[in-house]
Amino acid sequence: MFCIQCEQTINTPDLHGCVFRGNCGKTPETSDLQDLLVAMIESLSAWAMTAKAAGADVTKAAVFVPKAFFSTLTNVNFDPARITAYIREAEALRDELAATCAAAGAAKPDHPLADLTVKGLCAKGLDDAAKAVKLNADGVDADIEGLQLLCLYGLKGAAAYLEHAAVLGVRNEDVEAKLMETLADIGRRSNDAAKLLDTALSIGRLNFEIMEMLERANTTAYGHPFPAQVRASAVKGKAILVSGHDLRDLRLILEQTEGKGINVYTNGELLPAHAYPELRRFKHLVGNYGSAWHNQQTEFAAFPGPIVMTTNCILDPNPGKYADRIYTRSMVGWPGCTHLATDDFSPVIEQALAMPGFTADEPERTVSTGFGRQILEGAADTVLKLVGEKKLRHVFLVGGCDGARSSRSYYTEFVEKVPADCLMLTLACGKYRFNGKSYGNVGGLPRLLDVGQCNDAYAAIRLAVLLAEKAGCGVNDLPLTLVLSWFEQKAIAILLTLLALGVKGIYIGPTLPAFLTPNLINTLVSAYDLHVISTPDEDLKAILG
Ligand code: FS2
Ligand code: SF4
């Protein structure tokens, strides 16, 4: 096992990466199978590009690859049986395309994984096959390996967003082909540092297109978000909790529970769902329960109803004894938990009706959300006017993924210390470190604006670009600083997008990715003026002067 893709990886003088068991709970068996799955979809992608060039229809591969890739993201799928099934499905699709290529007279792709075969292999055979494609291949220069992993993990994040858009019916064949082409290329394990750096930036640009697709998918299906005060405390009655990022699953659950006397709560990255007109119109979508993913073992154990985990981040439900009432969807998996493969949520509804639910109302508390692209763009003129009148000094984007590391208290303290004449945007699950409080107003605008999920970074980027256009300057000339927290691979994809767009001076923490070597960090620092967070006081002093 070797996995170093997330912020909670092991990184000590003696150990680099999770090598015995994941800090997330991933077993060596699942980790190795995920490496084999990645290699198999690299092979599939290489064949798909050859088949596409020969005029064949590659839709099945284009739809499957992002899904399978998504299953290897941090905190998504811990079930070795499901990962094995994806490997076999990938191989079958690859063989189908190979036959198509042969029939069309197309030559076999010149790719090291073109003949990767696992057919008929037992668990031991799969384990041996996985070891042959491990990500930390022997004899590879550390900087090259770091760049290879930067590309792989960035593309994995982009694939997750592409899958989210596809679920809502928004697809783009060119984007899918570019994703497969890049994945096949990563599978070649290039040793060319300049080429790998170029690939990383092209992944950033691709991810920007994908985030646009996803925003279009969300707003077409559910309307443009508008500000909402969301109840953050329990309401008496039977209850279902929906976590993850998938708005479609939430909508299905709301439709299927309507009129049944069940209250539906969001959790984690689904809080912004309350801002979408086509979701908030359901009266039994009563509020948001709990906070960021790393608190779920306590919060889910205390929730008096079933829980649906639509995407990441899932943790081991066994310590809290709620494995019998957590249901997984799409690419999510935990061994022993019920996976709902169809859109029928009857088992969840029956369990909610059989359970007591909340026995009393909790005192009302609220959190705000809903400052999506349309609202932000509508506020651009006000922001510039306030800056011009010197009523608004600086805009911060403080957001990203949350994690369990204690040094993440930096973000809470940072937000508290931001001067009163500054505006703060936030997004993703990192906001739970500070969104339970009111920060007042600046020039009539709330000082803390929740833009949405991690993928809604697109809205914040669009605001920055619009402000720069209106002010007649570059994004880097705006009184704007991004203070990001990263945890998993979607954050890597977003970081690559920001770098590809030329955004400089980003602060990132709580640590830099362990797969980046000191040389690579120096390259990013000198090319993009990237900063690792220090203390809120020092960073604010450096930013505000
Ligand atoms: Fe948070 Fe986990 Fe949003 Fe990440 S719920 S760390 O996957 O995607 O952010
Ligand atoms: Fe370790 Fe993170 Fe990989 Fe889990 S996902 S095995 S915690 S690096």
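Tutor: Just after helix α5, G169 has a positive phi of about 85 degrees. This is a predicted model. Helix α5 itself covers residues 142-167, 26 residues in total. From its first C-alpha to its last, α5 reaches 37 Å, close to the 38 Å expected at 1.5 Å a residue. Most of α5 is covered, with 20 of its 26 residues buried. An α-helix has 3.6 residues a turn, so residues three or four places apart point the same way.

Next come the sheets. One open sheet has 6 strands in the order β4-β3-β2-β5-β6-β7, paired in parallel. Its edges are β4 (285-288) and β7 (338-339), and each has a single partner strand, so one side of each is left without a neighbour in the sheet. Helix α11, residues 346-354, packs on this sheet and touches β2, β3 (262-266), β5, β6 (326-328) and β7. The direction of α11 makes about 140 degrees with that of β2. Within the sheet, β2 (residues 238-243) and β5 (residues 307-309) pair in the parallel sense over 3 bridges. S243 stands opposite M309, which belongs to β5.

The loop between β5 and β6 holds L315. L315 counts as buried because 20 C-beta neighbours lie inside 10 Å of it, and 20 or more is what the term requires. Apart from its neighbours within four places in sequence, L315 is in contact with G25, W293, Q296 and Q297. T84 is 231 residues from L315 along the chain, and the C-alpha atoms of the two are separated by 20 Å.

A further open sheet of 6 strands, also with parallel pairing, runs in the order β13-β10-β9-β14-β15-β16. At its edges, β13 (448-452) and β16 (531-532) each pair on one side only. Strands β9 (residues 394-400) and β10 (residues 422-427) run parallel and are joined by 4 bridges. One bridge sets V395 against L423 in β10. Helix α14, residues 409-417, lies across β9, β10, β14 (480-485) and β15 (507-509), and it runs at about 160 degrees to β9.

Technical notes: Residues numbered from 1 in each chain as written. Chains lettered and ligands numbered in written order. Predicted model: local features only at pLDDT ≥ 70, side-chain atom pairs only at ≥ 80, totals over all residues. Pairing = 2+ DSSP bridges. Helix = DSSP H or I, 4+ residues; strand = E, 2+ residues; numbered from the N terminus. Contact = placed C-beta atoms within 7 Å. Axes fitted to C-alpha atoms, helices over the stretch in contact; angles between N-to-C directions. Expected span 1.5 Å × (residues − 1). Buried ≥ 20, exposed ≤ 12 C-beta atoms within 10 Å, placed from the backbone.
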